[in-house]
Amino acid sequence: MNIALTHKDIPVLGVVYASALHTTYWVKKGYGAFKDGQKLPLKTGKERKTCKIVSSRSHMPDETKVFIDEIKTNKAKELVSIACLLKICLVAEGEADIYPRLGPTMELDTGAAAHGIVKEVGVQLQKYENCNFSKHLYNKENLLNQYFIVKEKMD
């Protein structure tokens, strides 16, 4: 479940609740992002021995496979599969390094709440098209998302 309040297409308040995991993420712009009461991020990629990439194992487009193969890292790559909103939150909490979504999703799949959470901790969720990044907006007339990437810095 997720719910968010947006102002001028930007998420400012939100909650993501994973009932199966009994986990709640929430954010208030300017105040912080939290997981079960703990301020995010909880860790950094430097603390892991692997480069964690969140993606779908069951329906991974070829473009995503190529993108993952081209990620430059000195660490072994580890794929983690979980629901879309939680993939975004895993990057926000520092449990994962990157979430490339190079396949179709709807606005509800990204969720302004999860986007607000990553934004508050300095992680970016941006549209990705032809190797270029741009702003990911909500409340669009067409609710189909462009491809997007979630990670700390966009090159």
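Biologist: Happy to start with Asp109: in which helix is its place?

Modeller: First, a word on the model: it is predicted, so local features need pLDDT of at least 70 and side-chain atom pairs count only at pLDDT 80 or more, while totals for chains, interfaces and linings use all residues. Residues are numbered from 1 along each chain as its sequence is written, and side-chain values use heavy atoms, with hydrogens and water left out. Helices here are DSSP runs of H or I with at least four residues, strands are E runs of at least two, and both are numbered from the N terminus. Residues 107–110 form the helix that holds Asp109, and that is α3.

Biologist: Is Asp109 buried, partly exposed or exposed?

Modeller: Buried means under 20% relative accessible area, exposed over 50%, and partly exposed in between (1.4 Å probe, protein chains only). Asp109 has 32% relative accessibility, so the class is partly exposed.

Biologist: Which residues does Asp109 touch, not counting those up to four places away in sequence?

Modeller: Contact means heavy atoms within 4.5 Å. With residues up to four places away set aside, Asp109 touches Cys84 and Leu85.

Biologist: Now Lys87 in helix α2: what is its relative accessible area?

Modeller: Helix α2 covers residues 84–93, Lys87 among them. Beyond its neighbours within four places in sequence, Lys87 is in contact with Val54, Ser55, Ser56, Ile82 and Tyr99. Lys87 is buried, and its relative accessible area is 4%.

Biologist: Where on α1 do the buried residues Thr64, Phe67 and Ile68 lie?

Modeller: Helix α1 spans residues 62–69, and Thr64, Phe67 and Ile68 are buried there. They cover an arc of only 95° around the axis (taken from the directions from the helix axis to the C-beta atoms), so they lie on the same side of α1.

Biologist: Which exposed residues sit on the face of α1 turned away from that buried side?

Modeller: The buried residues of α1 pack against β6 (50–54), β7 (76–80), β8 (98–101), β9 (124–129) and β11 (148–151). The face turned away from the buried side carries the exposed residues Asp62 and Asp69.

Biologist: And why is helix α4 largely enclosed by the rest of the structure?

Modeller: Helix α4 runs over residues 112–120. Its buried residues are Ala112, Ala113, Ala114, His115, Gly116, Ile117 and Val118. Helix α4 is largely enclosed because the buried residues number seven of the nine.
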